[in-house]
Amino acid sequence: GADDVGADAIIVHDIGLARVLRRLLPDTPLHGDAHMGINDLGGLHAASELGLSRVVLASELPRESIRRLCERSPVPLGVVAQGESCVSESGLCYLSSVASGRSAGRGLCDRRCQGDYSLGGRKDDHPLQMKDLCLLEHVSELEAMGVDACILEGRGNRPEITGLLTNVYYNAIRNRKQPTAEQLALLQEALSSEGFTDGYYTDRKGPDMFGVHTPPDSRAYVRALSALRRDYTQ
């Protein structure tokens, strides 16, 4: 299993599974996923009692809440710095479960919120689709608060984009180096075509957080992927 091949930790978002793993693998670190929905001090103490050695906070928390929790948390904290935004609460939305039987609580959300819905007769709007979360410009502030880790969600991304995303955040955190305009444009085209949002973190929630994703199809994007592929295969 993961423990046998030297995994540093196992990420869980189910309390029952955490209890089972803690009993079966007492020496393996367990990290609580953002989909656990932990957003207060009581949840952090419960996670500590479960034996979790790191907790990734719910993605919808504003900076002041994160700051207060960092000051009092019994366990190191992580924050999702890049990933899909949820119009409800990550891991706790029932829309996918009701519509298709794919439970977000089991990590199977089908992103039903990204579909088109009628707001007056025509099925041509996407009123629940949000821009991707991006906290790249806030990583120094997160570090100063005492955040232990920035989580980059990469499920479904091309390996070239995952490599670029990791490199951009690594340079921002370790080298205090901001990404180039070309890198940001490429990430936006690949991940969130109408731009990124930090609305939950800055507590500026509103229409600017919403946007429709369109698949990239430009020749420049294809050429950029080829260049990135050469970089990470060397």
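The structure is a predicted model, in which local features need pLDDT of at least 70 and side-chain atom pairs count only at pLDDT 80 or more, while totals for chains, interfaces and linings use all residues. Residues are numbered from 1 along each chain as its sequence is written, and side-chain values use heavy atoms, with hydrogens and water left out. The chain contains 9 helices and 7 strands, where helices (H or I, at least four residues) and strands (E, at least two) are DSSP runs numbered from the N terminus.

**Overall form**

- The radius of gyration of the chain is 19 Å, which agrees with the value near 17 Å that a compact globule of 234 residues would have; the radius is taken over C-alpha atoms, and the globule rule is 2.2 Å times the number of residues to the power 0.38.
- The C-alpha trace spans about 50 × 50 × 35 Å along its principal axes.
- Of the 234 residues, 38% count as buried, a term that means under 20% relative accessible area, with exposed meaning over 50% and partly exposed lying in between (1.4 Å probe, protein chains only).
- The chain exposes about 13200 Å², of which carbon and sulfur atoms supply 49%; accessible areas come from the Shrake-Rupley method with a 1.4 Å probe.
- Among contacts (heavy atoms within 4.5 Å) with a separation of 6 or more, 59% join residues 24 or more positions apart.

**Largest pocket**

- The largest pocket has a volume of about 1100 Å³; on a 1 Å grid over the protein atoms alone, a pocket is an open set of points where a 1.4 Å probe fits, with protein on both sides within 12 Å along at least five of seven lines, and its volume is the space filled by probe spheres set on the points, which are joined across faces, edges and corners.
- Its lining comprises 44 residues, of which G83, E84, E153, G154 and R155 lie nearest the centre; lining residues have an atom within 4 Å of a point.
- Strand 3 (52–56), strand 4 (77–83), strand 6 (149–152) and helix 7 (181–191) each supply at least two residues of this lining.
- The lining divides into 17 nonpolar, 17 polar and 10 charged residues, where Ala, Val, Leu, Ile, Met, Phe, Trp, Tyr, Cys and Pro count as nonpolar, Asp, Glu, Lys and Arg as charged, and the others, Gly among them, as polar.

**Second largest pocket**

- The second largest pocket holds about 360 Å³ of space, and of its 17 lining residues A149, C150, Y169, I173 and R174 lie nearest the centre.
- Helix 5 (139–145), strand 6 and helix 6 (159–174) give two or more residues each to the lining of the second largest pocket, and helix 6 contributes the largest share, 7 residues.
- The lining of the second largest pocket divides into 10 nonpolar, 3 polar and 4 charged residues.

**Helix 2 and H45**

- In helix 2 (residues 41–50) the buried residues are L41, G43, L44, A47 and L50, and these pack against helix 1 (15–24), strand 3, helix 3 (63–72) and strand 4.
- H45, also found in helix 2, is partly exposed, with a relative accessible area of 37%.
- Helix 2 is followed by G51, whose phi is positive, near 95°.

**G105**

- G105 is placed in the loop between helix 4 (95–100) and strand 5 (132–134), and G105 is partly exposed, with a relative accessible area of 35%.
- Leaving aside residues up to four places away in sequence, G105 touches H13 and G91.
- From C-alpha to C-alpha, G105 and L52 are 18 Å apart in space and 53 residues apart in sequence, whereas H45 and G105 are 21 Å apart in space and 60 residues apart in sequence.
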